[in-house]
Amino acid sequence: MSGSPYIAVVAIDFGTTYSGFAFAFNQKKGEGGIHVNKKWGYDQGAATLKTPTSLLLRPDGKFDSFGYQAEEKYANFLNGEDQEYLYFKHFKMTLHNSKTLDRNTKLTAQNGKLFDALLVFAHSIRYLKDQAIEIIRERTGDRQYCEKDIQWVITVPAIWEPAAKQFMREAACEAEIVSKDAPGQLVIALEPEAASVYCREMKMRDFIREKGDANVSDVFARPGSKYLVIDIGGGTLDVTAHEILANGNIKEIHKVTGGPYGGKKVNEEFVSLLEGFFGTATVEKFRAKNPADWLDVMNEFELKKRGRRAYEGDSTRIRLPRSLTVLISEHGGPDLAGRFARSCRTDDVRFVRNEYLCLGPSAMKKLFEPVSNGIIKHLTQLLKDPILKKLQFFFLVGGFAESLLLQETIKKNFDRRCRILVPNDASIAVMQGAVMFGRQPNIVESRIMSTTYGFGICLPFDPEIHPIEKKKVIEGVDWCDDCFVVMVKENDTVRVEETRKFPNYKPLKASQTHVSFYFYNSTDPNAKYTTDDAVGPSIGKVTVESPDISKGTDRKIDVCVTFGGTEIKATAIDKTSGNTATVYLDFLCSKP
C-alpha cells in the first residue's frame with residue numbers, strides 16, 4: 001500500500017456469533033505483519049481471538065458493554081434488570097433476512113423491546129473501533145493515534161443484498177469510523193474475497209492435514225486456476241467462484257451464492273431438542289425467568305459443538321443448570337433420564353446425575369444434519385454449472401468451518417472432485433485477509449452481477465410494440481412512459497470501477513431547465529417497464545441542470561454509471577452546458 005496516507009489498516013470482522021479485528025502497519029507486508037487481539041475475555045477467564053457479538057444497552061438506549069462483558073453483566077442480573085436493559089445477540093442475521101431493510105428498521109431486544117437497528121450496529125462498531133485504536137496505542141506507545149490515521153475495512157457476506165452492505169457503511173459512519181466526506185477511508189470487503197486473499201498467501205503446512213513449506217500460490221493457486229471459497233460462519237453460507245489471472249489478481253466467474261446455512265442452525269436444532277423433550281412452554285418459561293442460566297447453556301453448547309468429541313466417537317456433555325431441572329421436575333417428575341429416553345428418537349442421549357445432558361456421537365451428528373444437508377445440496381446444485389467444471393480446489397473458511405463434523409461431511413461429498421483446503425485458523429481467515437484486502441482492494445478485477453439495474457425514461461411511442469396505456473403526449477409528440485433502460489443485467493461480468501455510458505437523451509419539453517433520471521433494480525433481466533412487478537421501487541434519482549433552452553428539445557444528455565466495489569454511482573451530463581450531477585444509488589430508501 002505504497003503512498004498510503006494512513007499509518008495502519010484495521011479490519012473489523014463483524015460476525016453473527018463472534019466479532020473481532022486485525023491490524024497491520026503499512027510499512028510491514030505479508031501475513032506475518034498482521035496482529036490480532038488475543039485477549040478477548042481475559043477478565044472473564046478466557047483468552048480468544050474474537051468476542052461474542054453481544055450488545056448490552058442501558059434502559060435509556062446508551063451503550064453499556066459489548067462481547068464477553070455484555071454477556072457477563074447480563075448473566076449476573078438478579079433483580080429484574082434484564083427487563084429494563086436491552087440485550088442483543090445474533091442480530092447480524094436481520095440484515096440478511098429482512099426484505100424491507102431501511103434506515104428505520106427495528107431490532108427486538110431479549111426483553112421484547114424495539115430499538116433502532118442502525119444504532120445497534122453503530123454502537124457495536126464503535127466499540128470495536130475504540131478497542132482497535134486503544135490496542136494500537138498500547139503497541140506503539142503513541143497516545144495520539146486516532147481513527148483518522150487508519151484505513152478501515154469492514155467485512156460483509158458476499159450474498160447480502162446491496163441494501164445490507166450500504167447499511168453497514170452507514171452504521172460505520174454513525175460510529176464515526178469515517179465521515180461521509182471521506183468515503184474512501186472505509187473499504188467494505190466481501191468475506192469470501194478477503195479469505196481468498198489470505199489463503200493464497202499461506203504455506204501448505206498452514207492447512208489441516210497438509211505438509212510442507214511450499215506456498216499455496218505455487219502449488220495450487222497459480223494463474224489460470226479456478227476455485228471456490230466456501231465461507232461458513234455463524235449465520236450464513238457464502239460461496240464465491242474465482243479464477244486467478246496472469247497478474248495474480250482475481251476475477252469472479254460465477255455470481256455469489258449461499259443461504260442461511262450457518263452454525264446458528266445447529267444451535268436451533270439443539271433448542272428444538274430441548275423443547276421436544278421438556279415442552280416448548282417450559283423452555284420458554286426457563287428462558288424468560290432465568291436468562292443468565294439460559295445464556296450459560298447456549299454458550300456451552302456453542303463451544304462444544306466445535307469440539308472433537310462427536311467426531312472421535314465420544315459423548316458431548318452439556319450441564320443443565322439447577323433452575324432448569326427444578327422447573328422440569330415440578331412439571332413432570334424427577335426421572336429426567338427416563339423421560340428423555342422415551343421421547344427421543346435415538347438411544348444415544350442420556351442424563352448423568354440428573355444434571356448433565358450427554359449427547360452421543362450419533363445424536364450430536366443428528367443436530368448437524370439439517371444445516372449440513374442444506375450446504376451439501378446447495379454446493380451440489382452449484383457445481384452442476386458448466387462454468388465450474390474445471391474447479392481445482394476449495395478454500396473452506398469461517399467459524400463453523402472449524403467443526404470437524406462439517407469438514408468430514410463436505411470432504412465425504414466433494415473430495416473426489418476437488419482438493420479441499422481448510423486453514424488451521426479458519427475462524428480468523430476472513431479477519432486477517434480483510435487487512436490484506438484493505439492494502440490491495442483492486443485485487444478483484446471483475447465480479448458477476450447478481451441483480452439487474454436500469455433507469456426509467458420516455459421513448460418515442462411505437463403502437464406496434466408499446467401498450468396504449470403507456471402513451472403520453474407532450475408538446476404534440478407521442479411518447480411511451482415508464483420505459484426501463486437496462487444498465488447491467490444479472491450474470492453480466494463488470495470490471496471494478498467500470499463506467500457504462502448511455503448517450504443522447506433529450507428533454508421532453510423545449511422550456512425544460514432540468515432533466516431527472518430515476519434508477520431501479522429488477523429481478524427480471526428482461527423487464528420492459530418500471531411498473532413491471534419484477535422492478536422494485538426507485539433506488540435513486542439524479543437531476544442535472546440544463547439551463548440553455550435556446551435549442552429547445554435538441555439538447556443531448558448522457559447518463560454514465562460506474563460500478564464500484566459495493567456501490568453504484570450514476571452521473572448525468574448536460575452536453576450543452578457541461579453541467580453534471582452525481583448520485584450514489586440508495587438501497588435503503590423507505591419501501592412503500
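Let's start with a lysine: the charged end of Lys305 sits over the ring of Phe400, 5.7 Å from its centre. Keep in mind as you look around that this is a predicted model. A second contact of this kind involves an arginine, with the charged end of Arg317 placed over the ring of Tyr356, 4.1 Å from the ring's centre.

From charges over rings, we can move on to rings that pair with each other. A pair of aromatic rings is described by how far apart the centres are and by the angle of the planes. The structure holds 28 aromatic pairs. One of them joins Phe220 and Phe393: their centres are 5.7 Å apart, and with 50 degrees between the planes the pair is tilted. Where do these two residues lie? Phe220 is in the loop between helix H6 (216-219) and strand E12 (226-232), while Phe393 belongs to strand E18 (residues 393-397), so their pairing ties together parts that are 173 residues apart in sequence.

Are the two partners buried or exposed? Phe220 has a relative accessible area of 14%, which is under the 20% cut-off, so Phe220 is buried. Phe393 is buried too, with a relative accessible area of 0%.

Phe393 also takes part in another pair, this time with Phe395. Here the arrangement is edge-to-face, with 5.1 Å from centre to centre and 65 degrees between the planes. Like Phe393, Phe395 is buried.

Finally, turn to a group of rings elsewhere in the sequence numbering. Phe21, Trp40, Phe63, Phe66 and Tyr127 are linked by ring pairs into a cluster.

Definitions and conventions. Residues numbered from 1 in each chain as written. Predicted model: local features only at pLDDT ≥ 70, side-chain atom pairs only at ≥ 80, totals over all residues. Heavy atoms only, no water. Phe/Tyr/Trp six-rings, centres within 6.5 Å; stacked < 30°, edge-to-face > 60°. Helix = DSSP H or I, 4+ residues; strand = E, 2+ residues; numbered from the N terminus. Buried < 20%, exposed > 50% of the residue type's maximum accessible area, 1.4 Å probe, protein only. Lys NZ or Arg CZ within 6 Å of the ring centre and 35° of its normal.
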